[in-house]
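Reader: I am new to this structure and would like to understand the words used for it. Could you walk me through them?

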Amino acid sequence: MSDNRNSFVRHEMLSERAPPVGERGVLKWARENLFSSVFNTIMTIVSVWVIYSIAVGVAPWFFNGVWNAETTRECYEILDGVNGACFAVLRERFPQLIYGFTYPSSEYWRPNLATVLLLVALAPVLFRRLPKGLLVFTVIYPFLAYWLIWGGSILIPTVAFVGCFIGVACYKKFSSGAFVTAITLSLISAYLCWFLGGYLISWNDAFLSLEIVPSRDMGGFMLNLLLGTIAVSLSIPLGIALALGRQSNMPIIKWICVVFIEFIRGVPLITLLFVANVILAFFFPPETSIDLILRVIIMMTFFNSAYIAEVVRGGLAALPSGQYEAANSLGLDYSQSMRFIILPQALKISIPGIVNVSVGMLKDTTLVSIISMFDLVGMIRGPILSSTDWNGVYWELFGAAAAIFFVVCFTVSKYSQWLERQLETGKH
Amino acid sequence: MSTSQISRRDNFQLSMLLNDKRYRSYTFQFFALIILICIMAYLGKNLLENLAAAGLNISYSFLGEASGYDINQRLIEYNSQSTHLRAAFVGVLNTLLVAFLGCIMATIFGVTAGILRLSNNWIVAKLMMIYVEIFRNVPVLIWILIIHSVFLTILPQPKAFRGENPEASMLWDAFAFTGRGIYIPKPVFYDGSLIVIATFILSIIGVFAFRNYSRKKLYDTGQLIETRWTSVVIFFVPTLLVYFVMGNPIGLEYPELKGFNFKGGIYARGSLISLWFALSIYTGAFIAEVVRAGIQSVNQGQSEAAGALGLRSNLVMNLVILPQALRVIVPPLISFYLNITKNSSLALAVGYMDITGTLGGITLNQTGRAIEAVLLLMLFYLVISLSISAIMNVYNRSIMLKER
């Protein structure tokens with residue numbers, strides 16, 4: 001009893017005490033992440049100084065920016081000696097930067113609509129959770145986009161589409177039999193359809209017609225997007241075919257593919273654009289004249305497909321040989337084993353690489369400004385900077401161009417990283 | 001029954017070319033070859049017809065003619081009376097110069113940024129991430145143009161260096177950074193400088209020999225010899241000694257302001273500097289990612305094991321992490337070097353006279369020999385790329401051998 005009174009025994013647990021000030025919250029974080037050692041502290045100070053000096057340099061320039069002016073001189077008068085940007089050029093020349101300077105302004109809705117529809121068409125390809133039915137639109141989209149951007153009668157893309165459709169349908173119908181018969185029949189039927197369609201078009205070429213915009217009127221960022229999208233979408237099948245050809249055990253096929261891939265990868269894109277600009281025309285029949293934009297698309301497709309072929313080859317090589325042997329032992333022929341066993345796995349591995357190459361392609365479309373096409377960079381370097389109104393406005397224009405490309409390319413590369421995580425199966 | 005089947009299989013029939021797997025590949029290749037030849041013949045026929053119609057022919061004789069244009073940045077003697085071939089050669093050297101400088105600088109940027117991105121300093125890591133993302137996602141052409149205009153607008157013109165109270169002044173009276181280019185002192189070699197250079201090379205060999213010797217001694221006897229300070233002494237002392245004994249045979253020629261421009265020293269044009277810087281900082285962002293991936297690819301257990309063996313952190317990096325990371329880093333690194341070489345053809349945008357600017361630019365426009373010029377241009381780049389990929393294959397094989 002007396003023991004009980006003299007000694008003190010706590011009957012309940014003490015509540016946890018908060019950690020010392022230095023061991024919690026912002027302080028702990030700062031100590032561990034910013035000032036953990038002398039060297040680290042120096043680095044932090046240097047970084048803060050770098051950020052500070054960039055901010056001090058750029059912020060006034062950015063926030064003092066003039067958005068309403070007609071010329072550089074007017075801009076400077078408004079600024080009155082204060083350090084500031086002249087964003088008015090972006091405002092005034094916005095249509096030129098986006099659509100080029102000869103695209104008819106009444107038709108701007110067409111490329112806009114085509115871009116929105118492009119996103120719709122790409123959605124089922126990019127996000128596999130969406131219903132597969134949407135892929136129908138993806139198949140129709142190229143023909144629709146052609147009609148929207150270049151204009152003319154809707155009959156031309158319709159006939160082209162119907163021809164392709166009938167050709168594919170024919171191939172599907174006869175592909176259970178001999179391969180050669182199916183291909184021949186499908187080619188003949190498609191050609192027949194195009195041939196008959198030609199009469200239809202010449203009979204009524206104003207049906208549902210949009211104003212025709214020739215290729216040379218395309219420009220600005222629209223041209224970059226156009227070249228990038230077409231070259232990338234054409235080069236993926238070509239690249240896969242080249243990769244398969246390079247893996248083939250038929251020596252002639254293999255060597256054709258190897259020489260093509262190594263040649264294209266060995267030269268800079270700019271020389272291929274020179275070819276498109278000055279040489280390619282020599283290789284077409286004398287009476288034809290092919291658009292420069294089409295020649296550029298051909299060369300860019302070749303260029304990109306060689307790089308995609310290397311990515312896909314990496315994917316093919318990464319598959320364990322057991323997969324090939326399993327496909328063979330199931331009695332599948334070459335095309336079946338590729339379509340059902342090898343390619344689905346190889347492409348899955350190579351998708352991030354393909355996306356990276358494609359982002360690179362989109363960035364490389366700016367090179368067309370060197371062969372004097374007026375893409376976004378070409379517009380800035382050509383008509384805008386050399387105009388008397390906007391002489392010497394480098395930063396705002398190139399900054400805007402960089403920002404546009406950054407937004408697009410950064411989004412795509414983030415998507416690629418997301419996809420990489422989504423596709424990570426069988427590792428755990 | 002069975003014998004007849006066997007004999008039937010051995011009898012070659014025409015339909016087997018299509019239906020028998022053994023022969024089908026021959027048919028297929030045969031047709032592929034025929035198609036290829038047809039395409040080539042068709043293109044060749046068009047080419048000949050077009051050339052005949054335009055009154056042209058394929059001839060390389062233009063290479064021997066006087067070029068008639070000047071090249072402002074050159075490594076070898078050249079004037080407007082020189083031939084187109086020599087102009088092309090000046091261009092080749094300029095391409096190789098900017099590619100070489102670019103590779104070194106890009107490696108420095110890339111390795112620094114890649115290591116700093118893994119730093120446990122939050123703000124540094126974030127800064128490096130911003131650098132990498134910004135530079136990777138904007139076309140290199142835009143970077144070249146931006147950096148070129150930075151160069152032109154921010155750096156002072158030579159005239160700013162003139163007068164009593166000049167707006168700009170030279171760094172240590174030796175380096176002048178102007179909007180037209182950068183001037184740095186140029187070493188001048190007098191009599192006896194050869195001996196100094198020879199001593200210098202010998203002392204470098206000496207340092208390596210000494211390090212080899214001390215390592216051998218360590219492995220054989222376990223005796224550790226101090227190497228750091230001895231190396232420094234071997235590196236500097238003999239050269240300096242000979243330099244003063246010979247009576248300062250190597251001097252520096254400083255750039256000086258004469259009239260409206262600088263004279264003397266080594267002059268690097270603004271276009272070279274901006275192209276060099278733009279290519280290296282752009283490619284550096286890619287290299288940073290490769291370096292980061294390479295370091296991260298080394299298993300965490302490796303550095304823990306090295307730590308458990310009692311190695312200090314810099315030794316862990318040098319002896320354990322880097323040798324393994326290099327296997328992952330080097331192959332893509334070399335392909336980025338190749339990219340720098342190919343991207344240096346964008347020199348056209350800033351007016352730097354590389355091979356694309358001379359042979360593919362002015363020569364092509366002056367002579368109208370588009371096919372020949374572009375073919376030669378492609379041949380040059382092909383030779384460079386194929387030789388670099390050959391070196392890369394040799395390297396890959398050499399690191400494959402060590403794997404067990």
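Predicted model: local features only at pLDDT ≥ 70, side-chain atom pairs only at ≥ 80, totals over all residues.

Reader: What makes two residues count as "in contact"? And what do the classes and helix names mean?

Author: Two residues are in contact if their C-beta atoms, placed from the backbone, lie within 7 Å. Ala, Val, Leu, Ile, Met, Phe, Trp, Tyr, Cys and Pro count as nonpolar, Asp, Glu, Lys and Arg as charged, and the others, Gly among them, as polar. Helices (H or I, at least four residues) and strands (E, at least two) are DSSP runs, numbered from the N terminus.

Reader: Why is A:L144 called partly exposed?

Author: A residue is buried if 20 or more other C-beta atoms lie within 10 Å of its own, exposed if 12 or fewer, and partly exposed in between. A:L144 has 19 C-beta neighbours inside 10 Å, so A:L144 counts as partly exposed. This residue lies in helix α8 (residues 135–150) of chain A. Leaving aside neighbours within four places in sequence, A:L144 is in contact with A:L117 and A:P157.

Reader: How do you know whether A:S372 is buried or exposed?

Author: There are 11 other C-beta atoms within 10 Å of A:S372, so A:S372 is exposed. Its place is in the loop between α16 and α17 (376–384) of chain A. The phi of A:S372 is near 50°, a positive value in a residue other than glycine. Most residues other than glycine have a negative phi.

Reader: Why is α13(A) called mostly covered?

Author: Nine of the 11 residues of α13(A) are buried. Among them are A:L269, A:F274 and A:N277.

Reader: How is the packing of α13(A) against α14(A) described?

Author: Two packed helices are described by the angle between their axes and the distance between the axes. For α13(A) and helix α14 (residues 292–318) of chain A, the angle is about 145° and the axes are 9 Å apart. Axes are lines fitted to C-alpha atoms, for helices over the stretch in contact, and angles run from 0 to 180 degrees between N-to-C directions. Residues of α13(A) that meet α14(A) include A:L272 and A:A276, and those on the α14(A) side include A:V296 and A:F303. By class, this contact has 10 nonpolar, one polar and one charged residues.

Reader: What makes a group of residues a nonpolar core?

Author: Such a core is a set of buried Ala, Val, Leu, Ile, Met, Phe, Trp, Tyr and Cys residues joined through C-beta atoms within 7 Å. The largest has 143 residues, and those with the most contacts inside it are A:L273, B:I142, B:W143, B:I144 and B:L275. Helix α9 (residues 270–297) of chain B gives the most to this core, with 16 residues.

Methods: Residues numbered from 1 in each chain as written. Chains lettered and ligands numbered in written order.
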